[in-house]
Every structure is written in C-alpha cells, then in structure tokens.
Amino acid sequence: MAGHARPRGRVARSCERHRRTVLTTAAALLVLLGAAHLYADRTREPAADPPPYPSQAVTLEYLDAVDGPDGAEGGGFSFAVRLSVRSGPPVTVTRIAQPAAGLSVASSPAAPFQTKPHSASKIIVTLRVTECDKAPRNLGFPFLDVTLRNARAIQAHSFILGPRYARQLSQALQVACGNDSR
C-alpha cells in the first residue's frame, strides 16, 4: 500500500503548489465575467431622433414675379420664392428644374446653395422658353422640381406654387410665344 500513497502524495503536493495559481485565475475570471455582465446590462442613452427628411423641414413659398408677368429680358419669366428651413440640420438645394419640355431654368443663387435651420433664403428663378412648340399649354397647377439634401437624405420634391404663379407664368408664356391659340 505504500506504493499507492506516494503518487497521491505527489499529486497532492502538485495540487497544493498550483492551488494558489488556480484560485487566483478563477477569481480573476469571475471578476472579468461580472464586469462584462455589468457592462452589457448598463443603461444606455436612447438614440437621438433622426433629423427630419429635407422635404418635411422646408417650405417653398411663391413671392411674386420679379420683372412682372410680361417676362424677364430675353423672353424669360423671373420670379421670387422663399425657401424656409423650419427645423433640423441645414438644407442644401442641389437642383431646381421645371418638368415642362420647352423651358429651361436658372436660379440666383445658383444651385447648390445651403439654408440654415430657422432661416430663409430668397431665390430668384428664371424660366426661359427654349421651344414654344414644347412649352406647356395647360398650366392649371404648374410646379417646380427642387432637389433637397440634408444630413438624413436627398429628396426630389415637386412644389405647387399656387394660382398666382400659374396665372403669371401663363401670361409670360403667351407673351414669349405670341398669343397664338394652341
């Protein structure tokens, strides 16, 4: 039996020698697991609401014809609009267009330009007739296509500028293309 006691003694001595290392490692693992659990369960700040889409943050308002309804120099029609940014980050106008064939569009300031939140920009838009045959005939609800960009998105949006704009644009087109009935 003496032969059996010796290996147990060697194993016991080996375990006794490494016991502190094993206990220290186990304690360190328990502390690390506890810290990881606390970190994973911590209360987080709720994510901030995303800014509004640019078309939800702006208004585009028709002000008036700049050169009167008879048109600007060179057979064009210039008018003023006000772009107001109600909330969110700054909004950049990247493009202003008119969907009707036969008309070209220029603006001052020229796109791209930016408007800060809680402020407004006055924009002078000039429409020129490039081809009377393709210019619109029925201008019941003409609109202006504006591409807007902010920190959240880029959106193309069509703005209906109202009956006064429609009336003045129709008059300008009649003057530019003659009073032919089409």
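How many helices and how many strands does the protein chain have? The chain contains three helices and eight strands, where helices (H or I, at least four residues) and strands (E, at least two) are DSSP runs numbered from the N terminus. The model is predicted, and local features need pLDDT of at least 70, side-chain atom pairs count only at pLDDT 80 or more, and totals for chains, interfaces and linings use all residues. Residues are numbered from 1 along each chain as its sequence is written, and side-chain values use heavy atoms, with hydrogens and water left out.

From the N terminus on, the elements follow the order α-α-β-β-β-β-β-β-β-β-α. Of the 182 residues in the protein chain, 30% are buried; buried means under 20% relative accessible area, exposed over 50%, and partly exposed in between (1.4 Å probe, protein chains only). The accessible surface amounts to about 12,000 Å², and carbon and sulfur atoms account for 55% of this surface. Such areas come from the Shrake-Rupley method with a 1.4 Å probe, and for residues only the protein chains shown count as cover. Among contacts with a separation of 6 or more, 66% are between residues 24 or more positions apart, a contact being heavy atoms within 4.5 Å.

Strands β7 (residues 143–149) and β8 (residues 154–160) pair in the antiparallel sense over seven bridges; two strands pair if DSSP finds at least two bridges between them. A hairpin of four residues joins β7 to β8. The bridge partner of Arg149 in β8 is Ile154.

Rolling a probe the size of a water molecule over the atoms shows where empty space is left. On a 1 Å grid over the protein atoms alone, a cavity is a set of points where a 1.4 Å probe fits but cannot get out, and lining residues have an atom within 4 Å of a point. Grid points are joined across faces, edges and corners, and a volume is the space filled by probe spheres set on the points. Two cavities of 30 Å³ or more are counted by this rule.

The largest cavity holds about 50 Å³ of space. Eleven residues line the largest cavity, and Phe77, Leu127, Val129, Ala172 and Leu173 lie nearest its centre. Two or more lining residues come from each of β2 (76–85), β6 (119–129) and α3 (163–177), with α3 giving the most, four residues. This lining has eight nonpolar, two polar and one charged residues; Ala, Val, Leu, Ile, Met, Phe, Trp, Tyr, Cys and Pro count as nonpolar, Asp, Glu, Lys and Arg as charged, and the others, Gly among them, as polar.

The second largest cavity has a volume of about 30 Å³. Its lining is formed by Leu60, Val81, Leu83, Val93, Ile96, Ile123, Leu144 and Val146. The elements giving two or more residues to this lining are β2, β3 (91–97) and β7. By class, the lining has eight nonpolar, no polar and no charged residues.

Several individual residues were also examined. Gln171 lies in helix α3 and is partly exposed, with a relative accessible area of 35%. The C-alpha atoms of Gln171 and Phe77 are separated by 9.4 Å, although these residues are 94 residues apart along the chain.

Most residues other than glycine have a negative phi, and most peptide bonds are trans. The peptide bond from Ser108 to Pro109 is cis, with omega near 5°, and a cis bond also joins Ala111 and Pro112, with omega about 5°. Pro109 lies in the loop between β4 (103–108) and β5 (113–115), and Pro112 is found in the loop between β4 and β5. His118, in the loop between β5 and β6, has a positive phi near 60° and is exposed, with a relative accessible area of 68%.

Methods. 1 Å grid on protein atoms, 1.4 Å probe; cavity = no way out; pocket = protein on both sides within 12 Å on 5 of 7 lines; lining within 4 Å.
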